[in-house]
Amino acid sequence: MPELNAKIPSGPLKDKWTQHKAHIKLVNPANKHKYNIIVVGTGLAGGSAAATLAELGYNVQVFCFQDSPRRAHSIAAQGGINASKNYPNDGDSIYRLFYDTIKGGDFRSREANVYRLAEVSGNIIDQCVAQGVPFAREYAGYLDNRSFGGAQVSRTFYARGQTGQQLLLGAYSALMKEVNKGSVKMFPRTEMLELVVVDGVARGIVTRNLVTGDIETHAADAVVLATGGYANVFHLSTNAKGANVTAIWRAHKKGAFMANPCYTQIHPTCIPVHGDYQSKLTLMSESLRNDGRVWVPKKPQDKRNPRDIPEEERDYYLERKYPSFGNLVPRDLASRNAKEVCDEGRGVGPTGQAVYLDFADALKRSGKAVLAERYGNLFDMYEKITGSNPYDEPMMIYPAAHYTMGGLWVDYNLMSNLPGLFVIGEANFSDHGANRLGASALMQGLADGYFILPYTIGDYLAGVKAGKATTDIPEFKEAEKYAKEKINRLLTIRGKRTVDEFHRELGLLMWNQCGMARDEKGLKEALSRIFEIRNEFWQNVDVPGSGTDLNQSLERAGRVADFLEFAETMVYDALHRKESCGGHFREEFQTPEGEALRNDNHFCYVAAWEFNGVGKEPVLHKEPLDFEEVHLAQRNYK
Amino acid sequence: MSKINLTLKVWRQKNGREKGGFETYTAKDIDTDMSFLEMLDVVNEQLTHEGKEPIAFDHDCREGVCGMCGAVINGQAHGPLKGTTLCQLHMRNFRNGETLVIEPWRSRGFPILKDLVVDRSAFDRIIAAGGYISVKTGQAPDAHAVPVRKEDSDTAFDAAACIGCGACVAACPNASAMLFTAAKVSHLSHLPQGQVEAPERVIKMVEQMDKERFGNCSNEYECEAACPKEISVEHIARMNSEYRQAKWKAKH
Amino acid sequence: MGSLSTYFTSSVGRKQIVAVTGLLLILFVIGHLAGNLLIFLGPEAFNNYAKKLAGLRPGLYLVEVGLCFVFVVHFFVTGVLVYENYLARNTQYGVNAAKGQRSWATRLMPYTGTLLLVFVVYHLLDFTFIDKHGHRSILADGNSYGLYGVVVNAFADPGHSTFYIAAMMALGLHLSHGVESFIQTFGFNHPRYTPMIKTFSHIFALVISFAYSSIPVYILLNYPKVP
């Protein structure tokens, strides 16, 4: 089994990126326009990368499945973006941000990448302010900061509860500026179906125009995937309905390695599922745990009105188990504990899959006005969705799939093992290790897009002869034919079950067997069930309509078909990783107190999987993680 | 949890070239906790099982921020509630037995692609015409180099909250895109960073808006009432003023 | 920056032209009203005023041509905008329902405007382009009272008066939206002052339409006692 080379520059950690930038190859400014770069996805990573590459002079083509690049799901991020500016003068530094991120990720990320992320974090804030992002400000006119989970300093910049929206609109505006200049050609409502690989090198993509159904081919000197995460493998998640694994999965099937797919983040404070028809789960900001107390009744199946349950019959389980962090333990712990009490039959609400988040004490202590100022918009949103008023009765919350740390494997230059294929943002296996800290996803997406990829892609392109990109080669014809055949197959099955029914079934299976807690038996069961569901899908799915116009059932069918293949790889990864770390909790591997038990001797590596055929176990490649700067320790939040 | 039955009259149109019309469907046993889009999901599942083509409608985040969803319900963009996108409108706001007429945004600037799906690329072109600060990556000074009055920053945010859904155009009796355009103009010109380009920006954006063949504003303020982010028409006034000054003060 | 000519073809520019011409017309409406109210002081005062005004010629022609131009521009540009607005909603909604507080004054702007155009033409034929000392100027006592007599005779006819009053109500509606609309279109909207201007706009419209209407009402009630 060959080890993967991440091409991490040598030298001391804090000099690596500076030195690397100083020594990588450059493309002559006069030649840049001769290079074609394809960017798929227009979220924070894709949008910022496309805009920056175009500013540098490259010829950029940008694709997104939404009707406008402004709608990518980065837009839904609420809380904020971290940066080690140390504006509050509370002792923050690049090193602290680096260390917090490594620790938060449960020591399963690459030191060099994380350090670089912390290093460029400050530039992101500068850039966004210059673009007109209206970050929250103090009366003096300077930027305000707040604190977030997993950190002891205030380093989170925010724009009310819509930080992601404002940052994305910043990147989008930069992108549209380049569209106007003609240096970016935009292809909205266009979905990538295939990656075209010629002699082991990524040379272009095959797309479907979602309005006309036309299958088109696009050649390039480099392909950048910025297509987000795969949390919708669980069907119900906080992700947008359109979020999918298709682009990275199809690249994976062409040879790109899939790294750590089992690292998925479950967010503890979401509005619980309330019916079979449910299409998505809504996140309620983590900040609510500052004032809300989490509890369930001590007695199982206690169906009394929460206000009728006396204090001594309530179990404030987070405060009981983690006296020092209390309700503010990291996301993975809060989520897992909620599941545990629900599994004991102590869950509340009509489904028994919820816990209370109670503001009664905070109301008594601070008054309604103060709470309204802090959480008014969240309370309103909760009431809009559930019809229940959190000032009068406790909120009901339950964890939901939220973010995926795994993704395509990339080296230090953000290039996958396929030369010419770059992967950025949530789509790569990322800098977050086994668990991501709050307010770090926005940071990583923009770091990759604005400040890292634009340099590193030049290093690759400098070695590629410009102007050679053409779709006039057999590989494109083949990929196009394959994409068309797949669509025809989906349209001709005309079975009895809808695409959503399959997605729901897969999602529930993954949630139960490969969600917040996993064990060998469940994972093995999942493998055989996925196989069955996939087989039935290809015999019994009903995709109405035609392939030659706007057909949303067909779009979903293609995506669900990919989830049905991808899910297997995710389960294989979870099965092989015989340890618990961050978002990956194996019930067999826990401390006597029920905490995640890492196995640094055997699993301190990135698991990068090579595709080996549908339904076949993928081939494992390892990238060992060397920690030179930090000391591996068990996380402790007691 | 209660259930209601509804009659839906939905605009069905195969594509932009063919004529459309209303089709009537029944939505039975609709859980009042459902969102409007989940109700449409249920109807679509039912249509699929009946061998009919489901209703095409745009949607994505389903939490009111991506701006993808939207339809006119009984004559009101995003339905009867103020400050709400269609995905955040829940069925408890409707009565058992009610008939709902569901139509796409109607504007010459938003050609219908299919059923309830319209082409809003005109909005992208308006932004591309000048809805940005032309700073390149790497040129920015330190974020604290220029303080910004909190009041200005907050007002800029109010305008920047626009999700580009197009409800303003749909609700305007003249199908005008003034609120959308003004929100961006006003967001950027409220910030010192955005003031350098402000005169050029407002001119270019207004001219692009006109090219997209939206209607003209007649100060009826239906846009503000339909806006899911409740963006104020004060931003339109500001754009009017900025445009007038930019045009009359221009040196050539 | 594009030439100034594009200002006159842009949506915002043309609306501002409508707003400015509207403002000028409001000034005219106020001046005209002041003259009209002299009727309450009797035939002498009223006819003297008319005579003085006529004595300002030929300078007055210039003002009249200007006024006519303003009126035509106001009407014509609005007409084009309204037509464009009609085209902009290429398919009508199956159901129309306002979500905001769209007032009747606002909805009826094109109709009140058109009624006012018809009225102005009629009004000119009625009181301006006539023989001011002909048979229409002779009141019950058999004497000619000049323009004063023409006005009194006209308003003594209830049908005639009703039409005038209806036109003035239309003017009131038109102004109640017009004044506040001017503020918005010119960009003077201000969170503190706009609500005040709105109220002012409504009161102003009410005062103008009632003041104009008071003349036919007064004559109707007092005929044939006047003068």
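1. In this predicted model, C:Ile30 lies in helix H2 of chain C, which covers residues 11-36. Its relative accessible area is 38%, so C:Ile30 counts as partly exposed, because that class lies between the limits of 20% for buried and 50% for exposed.

2. C:Pro58 is placed in the loop between helix H3 (43-55) and helix H4 (59-88) of chain C.

3. In chain A, the backbone of A:Arg160 deserves a check. Phi of A:Arg160 is near 45 degrees, which is a positive value in a residue other than glycine. A:Arg160 sits in the loop between strand S5 (156-157) and helix H5 (163-181), and A:Arg160 is partly exposed, with a relative accessible area of 35%.

4. In chain B, phi of B:Asp115 is likewise positive, near 45 degrees, and this residue is not glycine. B:Asp115 belongs to the loop between strand S6 (112-114) and strand S7 (117-118) of chain B. With a relative accessible area of 2%, B:Asp115 is buried.

5. As to the arrangement of the chains, two pairs touch, and the most contacts among them are between chains A and B. Chain A and chain C do not touch: their nearest C-alpha atoms are 17 Å apart.

Terms used:
Residues numbered from 1 in each chain as written. Chains lettered and ligands numbered in written order. Predicted model: local features only at pLDDT ≥ 70, side-chain atom pairs only at ≥ 80, totals over all residues. Heavy atoms only, no water. Helix = DSSP H or I, 4+ residues; strand = E, 2+ residues; numbered from the N terminus. Buried < 20%, exposed > 50% of the residue type's maximum accessible area, 1.4 Å probe, protein only. Contact = heavy atoms within 4.5 Å.
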